[in-house]
Amino acid sequence: MQGASHRYKVGIIGATGYTGCELARLLACHPNVDLDVLTSESFAGQMLSDVYPSAPALPLVPSADASFGELDIAYLCLPHAAAAETALRALEAGSRVIDLSADFRLRSVELYEKTYQTRHPAPEWLDRAVYGLTEYAREALPEARLVANPGCYPTTVLLALLPLVKLGVRVSGRVVVDAKSGVSGAGRKPTQLTHSVEVADNLTPYKLGRAHRHLPEMEQELNRFGTTAPELCFVPHLLAIPRGMLSTIYVPLCDSPDESALRAAFEKEYSEEPFVHLLPQGQVATVAHAHLTNRAAISLNVCGNMLIIVSVIDNLLKGASGQALQNMNVMLGLDETTALPG
Ligand SMILES: NC(=O)c1ccc[n+]([C@@H]2O[C@H](COP(=O)([O-])OP(=O)(O)OC[C@H]3O[C@@H](n4cnc5c(N)ncnc54)[C@H](OP(=O)(O)O)[C@@H]3O)[C@@H](O)[C@H]2O)c1
């Protein structure tokens with residue numbers, strides 16, 4: 001491990017997307033990072049600030065020009081499948097990789113190919129990747145060559161449910177997750193669903209029940225931490241805000257809930273965590289509790305036998321680029337909060 005003043009060479013592959021640009025803003029203020037390479041195919045030859053006026057003025061090069069062998073860390077901010085192909089190149093050249101796509105989150109190649117309807121370009125790396133929900137991955141991160149950064153919806157759901165799964169709490173049916181995402185969660189390329197005119201003044205449920213691609217990832221990770229992991233009914237919505245994500249999670253408990261014991265379990269899990277804020281009894285988490293921070297804000301309410309958890313993040317920070325940077329800090333033995341808001 002290097003000293004606290006050591007500088008690391010870092011690259012962002014796919015820097016012109018929403019997560020890539022967010023990372024560039026964060027890393028430009030990191031005292032241990034030299035942002036060595038930012039790639040783009042569409043805007044190569046221009047500066048990142050030509051694409052996003054408030055972003056750092058750094059040059060964009062095509063990814064074919066990236067010298068991965070010279071990078072300590074390569075962040076991949078690419079669509080799935082394209083990310084795995086680039087990961088192979090970076091890993092073979094000796095760089096450590098933090099992949100923000102879904103390519104290395106699932107352990108099973110069959111499940112990946114069924115979920116994403118594409119062949120996996122690097123299945124041999126699936127069981128070597130560390131699933132980077134930082135609060136639950138700290139032991140594995142310092143040795144990791146490849147980190148699979150979690151999805152944004154899974155981050156809200158796992159931080160809310162893992163304390164219960166670890167405690168062995170029994171549920172009496174499916175846990176319902178009613179989730180809302182800001183439009184940047186869908187990336188920069190507009191579709192009819194995400195076009196501003198379609199989104200404005202609307203709230204759109206999509207891929208209801210068991211249809212969303214993040215569901216296998218959530219259930220895989222819940223099952224990794226306990227034998228009482230519930231099945232989920234997941235109802236995502238597109239909300240007319242640029243950024244932010246809120247999941248309201250309804251947990252039907254078998255036994256009459258002891259609210260103070262449940263709260264104590266969450267406090268035990270998160271009281272030392274710099275980026276997970278358990279709200280005091282009586283308060284409810286809102287999108288504003290996490291806006292522009294790397295925080296997850298969690299509130300607990302009990303209604304009869306139903307535990308209602310509200311879990312909120314900023315999808316571009318704790319849901320993507322912020323958590324990726326948090327993972328890098330742990331990988332490199334730096335203060336975990338360095339260059340992170342919140
Ligand atoms: N947005 C979120 O809140 C969020 C949260 C968690 C995880 N993620 C995941 O993070 C990854 C990046 O998301 P994003 O929202 O930043 O996406 P995005 O805004 O759509 O940007 C992706 C970037 O990748 C580049 N690109 C696109 N297709 C490519 C290809 N076939 N080969 C190489 N480069 C390509 C594009 O840049 P150029 O055309 O300039 O090369 C594009 O700007 C995705 O896998 C996404 O699922 C996103």
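**Strands, sheet and ligand shell**

Reply: In this predicted model, β9 and strand β10 (residues 232-239) form an antiparallel pair over 3 bridges. Within that pair, Leu203 stands opposite Leu239 in β10.

Me: What makes β9 and β10 a pair?

Reply: Two strands pair if at least two bridges are found between them. β9 and β10 have 3 bridges, so they meet that cut-off.

Me: Why are β9 and β12 said to stand at the edges?

Reply: The open sheet has 7 strands in the order β9-β10-β8-β11-β14-β13-β12, and its pairing is mixed. β9 (203-205) and β12 (276-278) each have a single partner strand, so one side of each is left without a neighbour in the sheet. On average, neighbouring strands here are turned by 20° against each other, direction ignored.

Me: Which helix lies across β8, β10, β11, β12, β13 and β14?

Reply: Helix α5 (residues 152-167) does, running at about 35° to β11 (245-252).

Me: How do you know that the ligand lies between domain 1 and domain 2?

Reply: Domain 1 (8-128) and domain 2 (153-315) both give residues to the shell around the ligand, so it lies between them. The shell has 28 residues, and the closest are Gly17, Ser40, Ser101, Gly187 and Arg188. α1 gives the most, with 3 residues.

Me: What classes of residue make up the shell around the ligand?

Reply: There are 15 polar, 10 nonpolar and 3 charged residues.

How values were computed
Residues are numbered from 1 along each chain as its sequence is written. This is a predicted model: local features need pLDDT of at least 70, side-chain atom pairs count only at pLDDT 80 or more; totals for chains, interfaces and linings use all residues. A residue is near a molecule or strand if its C-beta atom, placed from the backbone, lies within 6 Å of it. Helices (H or I, at least four residues) and strands (E, at least two) are DSSP runs, numbered from the N terminus. Ala, Val, Leu, Ile, Met, Phe, Trp, Tyr, Cys and Pro count as nonpolar, Asp, Glu, Lys and Arg as charged, and the others, Gly among them, as polar. Domain bounds come from an automatic or database domain assignment. Axes are lines fitted to C-alpha atoms, for helices over the stretch in contact, and angles run from 0 to 180 degrees between N-to-C directions. Two residues are in contact if their C-beta atoms, placed from the backbone, lie within 7 Å.
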